[in-house]
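The paragraphs below go through one protein chain, element by element. Please keep the sequence and the coordinates open while reading.

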Amino acid sequence: MTRPQHLHRTRFLRAAASLLAAGSLLLTGALTAPSAEADSAVKPSDGKFVIKGAGFGHGHGMSQYGAYGAAKKGLSWKQILAFYYPGTTLKTLSSSTTIKVWISADDDNNLRVLPAEGLKVYDSNDHSITVPTGSDYKSWRIKRSGSGYKLEWRDGDGDYHALKTPLDSSTWMVSTKAKVVKLRLPNGATREYRGTLRLIKRGTGGRTVNKVKLEDYVRSVVPSEMPTSWAPDAVRAQAVAARSYAIRIRDFTSYSGYDICDTTACQVYGGKATTTSGGSRIVRETTAGTAAAKATAGTIVTYGGQVALTQFASSNGGAMSTGGYPYLKEKDDPYDGVVKSQAWSKTVTAKAVAKAYPSVGTVKQLTISKRDGSGRYGGRVVSIKIVGSKKTQTVTGSAFQSKFRMRSSLYKITS
């Protein structure tokens, strides 16, 4: 695996947020999984339980390792998408489509940018000012002032000075001649963002938002979500899934002043490049990622005339799980283990279980009481009984998984 840190981020926040946001649109005809029989009770051996599982993540939609395996088997990116989102069709958006991304790391309520040729500050009503240049101007800052904003420049001594502008109290934005803005973050790092940056009012402070062309957004997201050294058709499938997911969140949520966030709660987006406070420059875009975006330019996945919720995760362990929509359905995945086995194991002590669930007392045994019926072991764990000296407590399979930092809810318990 080239860069496992990109794929080994579980996306439970992403899954929960997207399903909650689209909850009103859940189809009443969503497939219901068959319930598997309960497993046999397992007692601890030497005070320990051994948990064996497969996959990494929620298992809804596209398995990224599966996409890689499918590409290695000769499937095109369109065939990969058709397999993981069955019943969907592809649509092409306009090249002028944009998206507004909340830059969550810029959390000091100001918008600070570095000088650049043609640096312009403007408001929503077409008033603008091209700021002066020269060695005296080290950086620029937009901050809240009453019901509006004010513009300041920083000198070599670190002091700020106000600059009078013709702008009104509507939202203020920043652009440059090169269409790349350098944002100075509170930690001293600098990030380069294509498009424009704006400070959206938030109480008495502000939230930094990057308005960027969708295709420029995708070329940054793809390398953060999948190693772009993988098979080109896998990377192209990832580009379409990422583009579709962004538009889905944009169209079916109503965040204040932005469409999507830039973390794993949505999709990871780091702009064009980052220069650390130590001076190291990290390019967020890659040649192969950009090529994948261009090869699939504007393409999104749709179902019933609407953009689909194209969830994806690192690995489904050989079986896709239901995600509440007809195109997020349960079925076996023959591609997930082609490149690499997705099996894993973890040892959990009975004392650790008792500490996590103290009301049960001394833990006597664990029993997986219900599975979803799809995949190895009889399917993902729906519920599990913790039998103790004081009481028996039933918890969800995903809650138990999260408590003990397991990779997925597709597992079995042995002693």
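The buried residues of H3 are Gln 64, Tyr 65, Gly 66, Ala 67, Tyr 68, Gly 69, Ala 70 and Ala 71. At the start of H3, a side-chain oxygen of Ser 63 comes to within 2.8 Å of the backbone nitrogen of Gly 66. Just after the helix, Gly 74 adopts a positive phi of about 105°.

The model is predicted: local features need pLDDT of at least 70, side-chain atom pairs count only at pLDDT 80 or more, and totals for chains, interfaces and linings use all residues. Residues are numbered from 1 along each chain as its sequence is written, and side-chain values use heavy atoms, with hydrogens and water left out.

The chain as a whole contains 9 helices and 28 strands. Its C-alpha trace spans about 75 × 50 × 40 Å along the principal axes. Of the 415 residues in the chain, 51% are buried. Contact here means heavy atoms within 4.5 Å. Among contacts with a separation of 6 or more, 70% come from residues 24 or more positions apart.

The domain assignment, whose bounds come from an automatic or database source, gives domain 1 (48-55 + 342-414), domain 2 (62-94 + 222-261 + 289-332) and domain 3 (98-215). Taken over C-alpha atoms, the centres of domain 2 and domain 3 are 33 Å apart. Between these two domains, 14 residues of domain 2 are in contact with 10 residues of domain 3.

Ser 94 sits in the loop between strand S3 (89-92) and strand S4 (98-102). With a relative accessible area of 44%, Ser 94 is partly exposed. Its side chain makes a polar contact of 2.8 Å with the side chain of Ser 96. A polar contact is a pair of N or O atoms within 3.5 Å; within protein, one must be able to donate a hydrogen and the other to accept it, and residues adjacent in sequence count only if both atoms are side-chain atoms. Tyr 411 is 317 residues from Ser 94 along the chain, and the two C-alpha atoms are separated by 44 Å.

The next loop to consider runs between S4 and S5 and includes Asn 109. Most residues other than glycine have a negative phi. Asn 109 is not a glycine, yet has a positive phi of about 70°. This residue is partly exposed, at 36% relative accessible area. Asn 110 lies in the loop between S4 and S5 as well, but is buried, with a relative accessible area of 14%. Which residues does Asn 110 touch, leaving aside its neighbours within four places in sequence? They are Arg 141, Ile 142, Lys 143, Leu 199 and Thr 208. Asp 126, in the loop between strand S6 (120-123) and strand S7 (128-130), also has a positive phi of about 70°. Asp 126 counts as exposed, at 73% relative accessibility.

A search of the whole structure finds 1 cavity of 30 Å³ or more. On a 1 Å grid over the protein atoms alone, a cavity is a set of points where a 1.4 Å probe fits but cannot get out, and lining residues have an atom within 4 Å of a point. Grid points are joined across faces, edges and corners, and a volume is the space filled by probe spheres set on the points. The largest cavity holds about 30 Å³ of space. Its lining consists of Leu 111, Val 113, Leu 119, Val 121, Val 131, Trp 140, Arg 141, Ile 142, Leu 151 and Val 174. Strand S5 (111-113) and strand S8 (139-145) each supply at least two lining residues, and S8 gives the most, with 3.

Ser 383 is in strand S26, residues 381-388. At 14% relative accessibility, Ser 383 counts as buried. A polar contact of 2.7 Å joins its side chain to that of Ser 369. Beyond its neighbours within four places in sequence, Ser 383 has contacts that include Thr 367, Lys 370, Thr 394 and Gly 397.

Notes: 1 Å grid on protein atoms, 1.4 Å probe; cavity = no way out; pocket = protein on both sides within 12 Å on 5 of 7 lines; lining within 4 Å. Helix = DSSP H or I, 4+ residues; strand = E, 2+ residues; numbered from the N terminus. Buried < 20%, exposed > 50% of the residue type's maximum accessible area, 1.4 Å probe, protein only.
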